[in-house]
Amino acid sequence: MIIPSGSDPFTDDHADPPSPTDTLLPDYTTEAHIPPPSLPPNYALTQRPTRPRIYTFSSWSHDSMFLLPPRDVDPTLTPVYNISVALNLNPFVPLSYVTTVRRGIDEEGEFVGEFELAVMHSRAIMKMGNHATRMSNVLKKDGHSPRKFLWEHGEVRLRWDCRTTLDDGSPMCICLDLRSNQVASFVPPPLDASPPLPSATLTVFPDGHELFDHIILSALAVERKITLSF
């Protein structure tokens, strides 16, 4: 049975007065009175390049995939991020997918962030570093279009516009920073295409490498939001 939204503090459309159970899972953004970190650690590991780089998502295998660097940058194709997805079968919350991003090749890598989206419910949670909150506090619709999103986390603010469709049916999502400069573009495979699907790509511009963790996590969250509403 799906839990009514009033009993779940992480439900995006929570409009009723908080119930006593809300105190069990507070909104960490407001209750901790500590602003989330604007930049997660280890950005120094990613040097700022002089031109955009096209990163490729590997094929899905079992429960994970990798984000791979361009071969001319790293001939060994050592993964930049490990992306895994698990099903949350907790009987006390709506059925949901949990997408986790870590650095490197396996699940032992440094935790970057994760988000949880319910399949048939508005429950949504976002965690980045040691900061957890409702996804609606971080990722919002931007304007009236269902394919435009605003990501706000600490001092980082990104805009995603996914209204463009390429000739093969793939959506193209453009990412702009606070100054409206393009920092990335994300091209996932078309949802209704016949296999084999083309590899998804993430192009990161020079300035975008300072925001890489935010870009990869927000791109995956935006894509999951779009596919669940498809």
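Student: What counts as a disulfide here?

Tutor: A disulfide is a pair of cysteine sulfur atoms within 2.5 Å. In general, a disulfide is a covalent bond between the sulfur atoms of two cysteines. In this predicted model, Cys162 and Cys173 are joined in this way, S to S 2.2 Å. The count by this rule is one disulfide.

Student: What ground rules apply to the model?

Tutor: This is a predicted model, where local features need pLDDT of at least 70 and side-chain atom pairs count only at pLDDT 80 or more, while totals for chains, interfaces and linings use all residues. Residues are numbered from 1 along each chain as its sequence is written, and side-chain values use heavy atoms, with hydrogens and water left out.

Student: Which hand does the link of Cys162 and Cys173 have?

Tutor: The link is right-handed, with 115 degrees about the S-S bond. Cys162 lies in strand β10 (residues 156-165) and Cys173 in strand β11 (residues 171-176), so the link ties together parts eleven residues apart in sequence. Strands (E, at least two residues) and helices (H or I, at least four) are DSSP runs, numbered from the N terminus.

Student: Is Cys162 buried or exposed?

Tutor: Buried means under 20% relative accessible area, exposed over 50%, partly exposed in between (1.4 Å probe, protein chains only). Cys162 is buried at 0%. Cys173 is buried at 1%. Cys175 is in no disulfide; its nearest cysteine sulfur, that of Cys162, is 9.3 Å away. Cys175 is also buried, at 0%.

Student: How is a pocket defined?

Tutor: Work on a 1 Å grid over the protein atoms alone. A pocket is an open set of points where a 1.4 Å probe fits, with protein on both sides within 12 Å along at least five of seven lines; lining residues have an atom within 4 Å of a point. The largest pocket holds about 690 Å³. It has 24 lining residues; closest to its centre are Trp60, Met65, Pro189, Leu220 and Glu223. Helix α2 (212-228) is among the elements that give two or more residues. α2 gives the most, with four.

Student: Where does Ser58 lie?

Tutor: Ser58 is in the loop between β1 (53-57) and β2 (64-68). Ser58 is buried, at 18% relative accessibility. Contact means heavy atoms within 4.5 Å. Leaving aside residues up to four places away in sequence, Ser58 touches Met65, Phe66 and Leu68. The Ser58 side chain reaches the backbone nitrogen of Phe66 at 2.8 Å.

Conventions:
Grid points are joined across faces, edges and corners, and a volume is the space filled by probe spheres set on the points. A polar contact is a pair of N or O atoms within 3.5 Å; within protein, one must be able to donate a hydrogen and the other to accept it, and residues adjacent in sequence count only if both atoms are side-chain atoms.
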